[in-house]
Amino acid sequence: MHNTTFQKGMAYLSAAYGTELSRERLAVYWDQLAHMDDDAFLATVKAHVAARTRFPVVAELREAYRQRCQPQACVHRLPRPRCVDEDNARRVLQNLKTQVRRPCP
């Protein structure tokens, strides 16, 4: 994530919840969240503000980001089923269930 995106997201949270952020607290949030995608981070921040009544801790933002991004990453890796008969359809469905239940790396 770009530093300017991080600053924008944290300023949004600060304004929404009326919370002053110290330099040390911002450093911790940056250390924990810097790996995030810019657009997904901002979307996560806005979704948190829309749904929650208090300033988020790092773990809440990480979990919301993971839920926003991880299912999409898994879906793109699933094979397209090529089922013609019923037995093949069952095998493909069982394979898909196994892949969906397995966590993404």
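**Aromatic pairs and the nonpolar core**

Phe6 is buried in this predicted model, with a relative accessible area of 4%. Phe41 is buried too, at 1% relative accessibility. The model holds four aromatic pairs, and one of them joins Phe6 to Phe41 in a stacked arrangement, 6.2 Å centre to centre with 25 degrees between the planes. This pair links distant parts of the chain, since Phe6 belongs to helix H1 and Phe41 to helix H3, 35 residues apart. Together with Trp30, these two residues make up one aromatic cluster.

A further pair brings in a loop. The ring centres of Tyr17 and Phe55 are 6.1 Å apart and the planes stand at 75 degrees, so this pair is edge-to-face. Because Tyr17 lies in helix H1 and Phe55 in the loop between H3 and H4, the pair ties together parts 38 residues apart in sequence. Tyr17 counts as buried at 17% relative accessibility, as does Phe55 at 9%.

Turning to the core, the largest nonpolar one has 16 residues, and Phe41 and Phe55 are among those with the most contacts inside it, as are Met10, Leu13, Tyr29 and Leu33. Helices H1, H2 (23-33), H3 (38-51) and H4 (58-77) each supply at least two residues of this core. Beyond its neighbours within four places in sequence, Leu33 is in contact with Met1, Phe41, Val58, Leu61 and Arg62.

Thr5, in helix H1 (residues 3-17), is buried at 12% relative accessible area, and its side chain makes a polar contact with that of Asp38 (2.9 Å). Elsewhere, Lys46 lies over the face of Tyr12, at 5.7 Å from the ring centre.

Note on methods:
Residues are numbered from 1 along each chain as its sequence is written. This is a predicted model: local features need pLDDT of at least 70, side-chain atom pairs count only at pLDDT 80 or more; totals for chains, interfaces and linings use all residues. Side-chain values use heavy atoms; hydrogens and water are left out. Helices (H or I, at least four residues) and strands (E, at least two) are DSSP runs, numbered from the N terminus. Buried means under 20% relative accessible area, exposed over 50%, partly exposed in between (1.4 Å probe, protein chains only). A polar contact is a pair of N or O atoms within 3.5 Å; within protein, one must be able to donate a hydrogen and the other to accept it, and residues adjacent in sequence count only if both atoms are side-chain atoms. A nonpolar core is a set of buried Ala, Val, Leu, Ile, Met, Phe, Trp, Tyr and Cys residues joined through side-chain atoms within 4.5 Å. Contact means heavy atoms within 4.5 Å. Rings of Phe, Tyr and Trp (its six-membered ring) pair if their centres lie within 6.5 Å; planes under 30 degrees apart count as stacked, over 60 as edge-to-face and the rest as tilted. A charge sits over a ring if NZ of Lys or CZ of Arg is within 6 Å of the ring centre and within 35 degrees of the ring normal.
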